[in-house]
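This dialogue shows how a student may read a protein structure, one feature at a time. Please keep the sequence and the structure in view throughout.

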Amino acid sequence: MIAIGIDGGGTRTRLMIRRDHEEPEFIVVDRSIKVRAKDYAASATALHGILEEVLPGAVSEIRAIAIGLAGMGRDEDQMALAEALRAVPELAKIDFVIDSDAIFTFKSAIGEQEAGMVLMLGTGSVCLRSEERRVGKE
């Protein structure tokens with residue numbers, strides 16, 4: 001079984017690939033899977049090509065892919081990209097989790113129950129913050 005985490009930038013795609021119980025492998029490909037002009041099919045085709053390149057003959061072993069991608073913060077965009085990905089026959093059985101790169105960064109850095117802030121500066125800028133969540137009576 002293979003699980004993959006993807007950071008899809010505007011010019012590169014970074015993949016963290018984990019096969020069963022092996023150490024994760026980090027790969028950077030100088031091609032983007034970013035959705036441009038709502039062309040979800042082009043992004044799906046680009047991802048399929050990258051997967052075939054970095055995992056020749058093993059795409060059928062992929063069970064899950066989490067994709068952090070700029071511009072994917074809206075549910076309708078996430079659903080449209082997931083639909084385009086599943087329209088590629090070799091990707092149809094993969095479980096996809098898609099969200100914006102900012103949300104994935106935030107959850108990785110801060111966690112679900114902690115207070116904190118993440119400021120991302122680049123072509124675009126994003127600032128996210130959460131307050132501590134308390135469970136139970138005080």
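Q: Is Q78 buried or exposed?

A: Two remarks on the source come first. This is a predicted model, in which local features need pLDDT of at least 70 and side-chain atom pairs count only at pLDDT 80 or more, while totals for chains, interfaces and linings use all residues. Residues are numbered from 1 along each chain as its sequence is written, and side-chain values use heavy atoms, with hydrogens and water left out. Buried means under 20% relative accessible area, exposed means over 50%, and partly exposed lies in between (1.4 Å probe, protein chains only). Q78 counts as buried because its relative accessibility is 15%.

Q: Where does Q78 lie, and which residues does Q78 touch?

A: Helices (H or I, at least four residues) and strands (E, at least two) are DSSP runs, numbered from the N terminus. Q78 belongs to helix α2. Contact means heavy atoms within 4.5 Å. Not counting residues up to four places away in sequence, Q78 touches M72, G73, I98 and D99.

Q: How many bridges join β4 to β5?

A: Five bridges join β4 to β5, and these strands run parallel. In one of the pairings, A64 has D95 in β5 as its bridge partner.

Q: Which residues touch the most other members of the largest nonpolar core?

A: In soluble globular proteins, nonpolar side chains tend to be buried together. A nonpolar core is a set of buried Ala, Val, Leu, Ile, Met, Phe, Trp, Tyr and Cys residues joined through side-chain atoms within 4.5 Å. The largest one has 32 residues, of which I4, L51, I62, I65, I67, L85 and F96 touch the most other members. The largest share of this core, six residues, comes from α1. L85 touches A44, L47, I67, L91, F96 and I98, residues up to four places away in sequence being left out.

Q: How many salt bridges are found in the whole structure?

A: A salt bridge is a side-chain nitrogen of Lys or Arg within 4 Å of a carboxyl oxygen of Asp or Glu. The whole structure holds six. One of them joins D7 and R14 (3.4 Å, N to O).

Q: Which distant parts of the chain does the pair of D77 and K38 link?

A: The side chains of D77 and K38 meet in a salt bridge (3.1 Å, N to O). D77 lies in helix α2 and K38 in the loop between β3 and α1, 39 residues apart. D77 is buried at 6% relative accessibility, whereas K38 is exposed at 53%. D77 also forms a salt bridge with R74, with the closest N and O atoms 3.1 Å apart. Through shared partners, salt bridges join K38, R74, E76 and D77 into one network.

How values were computed. Pairing = 2+ DSSP bridges.
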